[in-house]
Amino acid sequence: MPQSIFRKIIFTTVLAVSCSTFSAHGQTPSVPTHADILRGEYGPYRANNDLLSYHLDVRVDPEKKYLSGKNSIRFKMLKDDTRIQLDLHSALNVDKILLGATPLKYERDSGAVFIDFPETLKAGGEYTIDFYYSGNPVEAARFGGITFKKDSSGHSWVNTACEDIGASVWWPNKDQWRDEVENMEISVSIPNDLVDVSNGKFIGKTDLGDGYTRWDWLVQYPINSYDVSLNIGNYQHFSDKLGDLSLDFYALPEDLEKAKTQFVQAKGMLEAYQHYFGEYPFIKDGYKLIEVPYSGMEHQSAVTYGNHFTNGYVGRDWTGVGISTRFDFIIIHESAHEWFGNSITAQDRSDMWIHEGWATYLECIYVEYMYGKEDGLKYTNAYKTKVQNRQPIITQRGINGTPPQDEYFKGALFINTLRSIVNDDDRWFKLIHDFYQHFKYQNIMTEDVVAYFNQQTGMNLTPVFDQYLRHTALPTLELKFNQDDGTYSYRWKADEPGFAMPIRVGKKDNWQTIQPTTEWKTMATQLSKDDFDVATDLYFVNVSKQ
Ligand SMILES: [Zn+2]
């Protein structure tokens, strides 16, 4: 999830409110601000370069809630230019920006920092700048950002979760989704009695001799800026292995025993997702699960966890049909993002269903893997109660806007509908495996997903994707019965003029597949109107019978 479920949940509540507001005002989205556009669009001073690597070297003073350090940013120019855009929240100071020993001029505008070079940077040239910064970051209300807390024994507990507000809330970077560094070093200096867990492989720690110790981590894969994380606390560590993959777990001392019991679920989760999609994407970096004071977040190779060591979502039956309580929702959902969100990443926040719809669908097939197809379907369909259909799942591009919560639940139900269209489980699981493998470690748009599914299935699924993702309403199967001559007529009512989707109808256990379009067709049936069913567990549609 982008943020996390926590955020997701909060998000659910917040969105419920904002969506009602939308309805009340005729669904007119608010006009993006200048700051939204600076953060959201892939403007010319972002597009003129390609990120290669970061080395974030930051010192954290938990008592003063103060950060200071630098990010060494290496990039390749894609065209000749004298200016690039980076981002840093306006609450933080830019101390200096150097190219080698040369101080660079810069201009700040909202969260953007435009950096000017004294001489033209040449296309194809690779450059490194050192961006020094400091200050007290804002602690964003919705749990986004960075938080400075104390655990119950009074130790500092500092964590980040910044998907929506953006990583630039606590460190300078190119804060967008389209371009990722190829690798990253993260060095975090903290008081000697604390532990830092960040992304990637733990390289080592160095006593700096001034009461601080630097913890060094190496990320050996592309990483989204919002996934970059620090978790500073009085952590206890334990570890395990799954084949060659190292599993590292971090919990506070009082929760250590509970964590040892609960975190065992990570193995079954990894086995399930590896079964469907192939090897865990960040095997060289390992898989980590880290206790935090919020619900959880998919930080790459360092998934954060705050589900109170209970099953379900914060102990409750999340989907309400008695299945969620068999597993820990946060472990299963947040870790699903290692495949969809972290390995495959959307290029723009408007396409975030590629993270959330897929991660939610992964929950569904996790249930299928563990408990069978029937339970998987039951779990999937229970999500219908959370669908709102108040605005399209895909929102306006380039404004850093957050899509509605339907990206999760309607997104997963839509993917399940695609499976029913394919109507061949072996083909379906090969298709989604190959889809993941084809796009892993890439940043993609919905158009890439659609093109791939069209090509692999030989079908034109574009109107189906567009109806579910780019329109508010579900398609409605209209049925008109003529009992006198034993026929019925059927068609789709949808916003997409070319909408066409096969669907199974008639009697359960003996479904018949029909091929409705938006034009009326007529067929014979021996079933009465009341006995005539539609496989709505397999296809997420409305049905209207006349
Ligand atoms: Zn998620």
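**Burial, strands and helices**

Visitor: How is the model to be read, and what is its average pLDDT?
Guide: This is a predicted model, in which local features need pLDDT of at least 70, side-chain atom pairs count only at pLDDT 80 or more, and totals for chains, interfaces and linings use all residues. Residues are numbered from 1 along each chain as its sequence is written. pLDDT is the predictor's confidence in each residue, from 0 to 100. At least 70 is reached by 94% of the residues, and the protein's average pLDDT is 94.

Visitor: In which strand does I232 lie?
Guide: I232 touches V60, P62, S156, V158, I190, L194 and D196, leaving out residues up to four places away in sequence. Strands (E, at least two residues) and helices (H or I, at least four) are DSSP runs, numbered from the N terminus. The run that holds I232 covers residues 230-233 and is β15.

Visitor: What separates the C-alpha atoms of L52 and V181?
Guide: L52 belongs to strand β1 (residues 49-61) and is partly exposed, with 15 other C-beta atoms within 10 Å. Beyond four places in sequence, the contacts of L52 are R74, F75, K76, E126, V181 and E182. Although L52 and V181 are 129 residues apart along the chain, their C-alpha atoms are separated by 4.7 Å.

Visitor: And how far apart are the C-alpha atoms of N183 and Y221?
Guide: N183 is in strand β11 (residues 183-191) and counts as partly exposed because it has 18 C-beta neighbours inside 10 Å. Beyond four places in sequence, N183 touches S53, V219, Q220 and Y221. N183 and Y221 are 38 residues apart along the chain, and their C-alpha atoms are separated by 5.1 Å.

Visitor: Which residue in the turn between β16 and β17 has a positive phi?
Guide: Two strands pair if DSSP finds at least two bridges between them; β16 (residues 236-242) and β17 (residues 245-251) have 7, in the antiparallel sense. L242 stands opposite L245 in β17. These strands form a hairpin with 2 residues between them. The positive phi, about 60°, belongs to G243.

Visitor: Which residue in β18 is the bridge partner of L247?
Guide: β17 is also joined to strand β18 (residues 287-291), by 4 bridges, and these two strands run parallel. The partner of L247 in β18 is Y287.

Visitor: In what order do the strands of the open sheet with β3, β6 and β7 stand?
Guide: The pairing in this sheet of 3 strands is antiparallel. β3 (81-87) and β6 (105-109) are the edge strands, each pairing on one side only. Between β3 and β7 (residues 112-121) there are 6 bridges, and R83 stands opposite D116 in β7. The order is β3-β7-β6.

Visitor: How many residues of helix α9 are buried?
Guide: α9 (residues 406-422) reaches 23 Å from its first C-alpha to its last, close to the 24 Å expected, the expected span being 1.5 Å times one less than the number of residues. Just after α9, N423 takes a positive phi of about 55°. The helix is mostly covered, and the number of its 17 residues that are buried is 15.

Visitor: At roughly what angle do the axes of α11 and α12 cross?
Guide: T446, V450 and N454 in α11 meet T462, F465 and L469 in α12. Axes are lines fitted to C-alpha atoms, for helices over the stretch in contact, and angles run from 0 to 180 degrees between N-to-C directions. The axes of α11 (residues 446-457) and α12 (residues 462-470) come within 9 Å and cross at roughly 145°.

Terms used. A residue is buried if 20 or more other C-beta atoms lie within 10 Å of its own, exposed if 12 or fewer, and partly exposed in between; C-beta atoms are placed from the backbone. Two residues are in contact if their C-beta atoms, placed from the backbone, lie within 7 Å.
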